[in-house]
Amino acid sequence: MVMVAATTTASHLTSTFLSTPDFCGLSRSLQWPHMQHALEPHMSKETLEYHWGKHHRAYVDNLNKQIEGTELDGMSLESIISASYNKGDILPAFNNAAQIWNHEFFWESMKPDGGGKPTGELLELINRDFGSFEGLINKFKSAATTQFGSGWAWLVYKEHKLDVPNARNPRPSEEDNKLVVVKSPNAVNPLVWEYHPLLTLDVWEHAYYLDFENRRPDYILTFLDKLVSWETVSSRLEAAKVRVAESEKEMAEIDADEDLDTIEPEDTDMYFGSEAEDAEDFLDDE
Amino acid sequence: MALRTLATRKTLGELCKFQQQIRGVQTFTLPDLSYDYGALEPAISGEIMQLHHQKHHQTYITNYNKAIEQLDDAMSKGDASTAVKLQSAINFNGGGHVNHSIFWKNLTPVKEGGGEPPHGSLGSAINESFSSLEKLIAKMNAEGAAVQGSGWVWLAVNKELKRLVVETTANQDPLITKGPSLVPLVGIDVWEHAYYLQYKNVRPDYLKNIWKVINWKYASQVYEKECL
């Protein structure tokens, strides 16, 4: 079974799933399934009946079946995602696991009477990294429109890192961490790139076809104007910054332990030997 | 006097057209269906057929035409980086146009023979390779249902080996990306837009029903052309 602990939206990245026979626990803020009409007229009740009630539910049912009795059973959802992503050589459980995560993240990205503008620190970073709120909107619209086939558009918080596993920024500063818009195909999400997701929009056709048919641009506009919950994005940003600061602190502590300047003399011999020995060997060969 | 002017204008007009043809690119237009939008019901609804043809396929063509005109422009200017950047738009939209053009020919109303099993050489080849049409259909339905996200499931013939294969492709990748000798005989669109309004999330029901309107006569023609 995929196990779940209750979470708040702020700690969303550590959430896992509790699946009960009635499949409750999703999107506490929207209290599915009782309020599937809550996002009307921007996202219809019918869409939610299928999108949440069939697509999302099927991912949960199928993952539970897939992991039963395997080593993934009992792991947290994020761990299952990471293990089955398998550095890009994707294993069967990935699609279901990642899609569960993606959809939960999507529902919580929206609220009735959403839209408007972000405020506070989120707005500051948006202005810093996109020039303006309109700049972000344009980038996000473009990513969502040009994700060909099925997939997702994301706003993420990106730590300054090289794309190699053991690279570290020697002088991390808040300036290096950026807000970025990315898009991903099918079930892939930015967790696998070690970004911190802040906002997502589902652009699989099932997300908009009943309400908008082929008119994906209209769906994207409606999401941004009427549905997005910038408060949720703000609290996710806060949580991401806390996590980044904690991991930088951990890295600094590891660095302190592994200080190469404290190599003992015996160790040096192992690497460099001594000049006198080398000279003798050379003479012997003649 | 007037007659001479007329002749000159006509000649000028033809000259302009000639110049357009040698300078411009060959652009594409939406092919007509040989049946009405509602003629495939109840297997595929008229609403879906109309949207699928007039909106989705048309959009691929519009964007493909735009991309190849931009490519032509970039190439004539020697702008390599723009030419390379356009490749994904060309693949997506060109692939979409190619695939859907095949798809409309793969379908036909029941009263025109839709769903009638293949006879002749294709029928025998199917029995040889898959033991029966039912087994082939089961295999294609399983593979089509298993496509993650958007894509197609194909029955193809490898024209070098003269062998039938079932393949899937992602997004609008043409079948050729799975093998240079593969010729499509039957392609089934499993993008959600192909079935969602009617079948919602139940892709397997769409796959089960579409065989009632598959045009095996067309598939046989293509097969015979490649293999006989």
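## The sheet of chain B

In this predicted model, Leu155(B) stands opposite Val186(B), a residue of strand 3 of chain B. If pairing is new to you, here is the background: strands of a sheet pair through backbone hydrogen bonds, either parallel or antiparallel.

Within strand 2 of chain B, Glu167(B) is the bridge partner of Trp154(B). Put together, 3 strands of chain B form an open sheet in the order 2-1-3, with antiparallel pairing. Strand 2 (163–170) and strand 3 (182–189) of chain B stand at the edges with a single partner strand each, so one side of each has no neighbour in the sheet. On average, neighbouring strands of this sheet are turned by 25 degrees against each other, direction ignored.

## Helices that touch this sheet

Have a look at what packs on the sheet of chain B. Helix 5 (residues 120–130) of chain B packs there and touches strand 1, strand 2 and strand 3 of chain B. The direction of helix 5 makes about 80 degrees with that of strand 2 of chain B.

Helix 9 (residues 216–227) of chain B lies across strand 1, strand 2 and strand 3 of chain B as well. Helix 9 runs at about 165 degrees to strand 3 of chain B.

Strand 1 and strand 2 of chain B form a hairpin, with 4 residues between them. In the turn you will find Lys162(B), which has a positive phi of about 55 degrees although it is not a glycine.

Why point this out? Most residues other than glycine have a negative phi, and most peptide bonds are trans.

## Two cis peptide bonds

In chain A, the peptide bond from Glu40(A) to Pro41(A) is cis, with omega near 0 degrees. Pro41(A) lies in the segment before helix 1 (45–67) of chain A.

In chain B, the peptide bond from Glu41(B) to Pro42(B) is cis, and its omega is near 0 degrees. To find Pro42(B), go to the loop between helix 1 (2–23) and helix 2 of chain B.

## The sheet of chain A

Chain A has an open sheet of 3 strands in the order 2-1-3, with antiparallel pairing. Here strand 2 (178–185) and strand 3 (196–202) of chain A are at the edges, and each has a single partner strand, so one side of each is left without a neighbour in the sheet. Neighbouring strands of this sheet are turned by 20 degrees against each other on average, direction ignored.

Strand 1 (residues 151–158) and strand 2 of chain A pair in the antiparallel sense over 8 bridges.

Helix 2 of chain B gives the most, with 5 residues. By type, the lining residues divide into 8 nonpolar, 11 polar and 5 charged.

An unreviewed UniProt entry carries the annotation "binding site" for His52(B), His100(B), Asp189(B) and His193(B). These residues span 142 residues in sequence, yet no two of their C-alpha atoms are more than 12.4 Å apart, so they gather at one spot. From this set, the lining of the second largest pocket takes in His193(B). His100(B) has its place in helix 4 of chain B.

For residues 118–221 of chain B, UniProt (unreviewed entry) lists "domain: Manganese/iron superoxide dismutase C-terminal". Over those residues the chain is 41% helix and 23% strand, and the end C-alpha atoms are 10 Å apart.

Note on methods: Residues numbered from 1 in each chain as written. Chains lettered and ligands numbered in written order. Predicted model: local features only at pLDDT ≥ 70, side-chain atom pairs only at ≥ 80, totals over all residues. Heavy atoms only, no water. Pairing = 2+ DSSP bridges. Helix = DSSP H or I, 4+ residues; strand = E, 2+ residues; numbered from the N terminus. Axes fitted to C-alpha atoms, helices over the stretch in contact; angles between N-to-C directions. Contact = heavy atoms within 4.5 Å. Nonpolar A, V, L, I, M, F, W, Y, C, P; charged D, E, K, R; others polar. UniProt positions renumbered as here; feature names shortened; annotations may be inferred. 1 Å grid on protein atoms, 1.4 Å probe; cavity = no way out; pocket = protein on both sides within 12 Å on 5 of 7 lines; lining within 4 Å.
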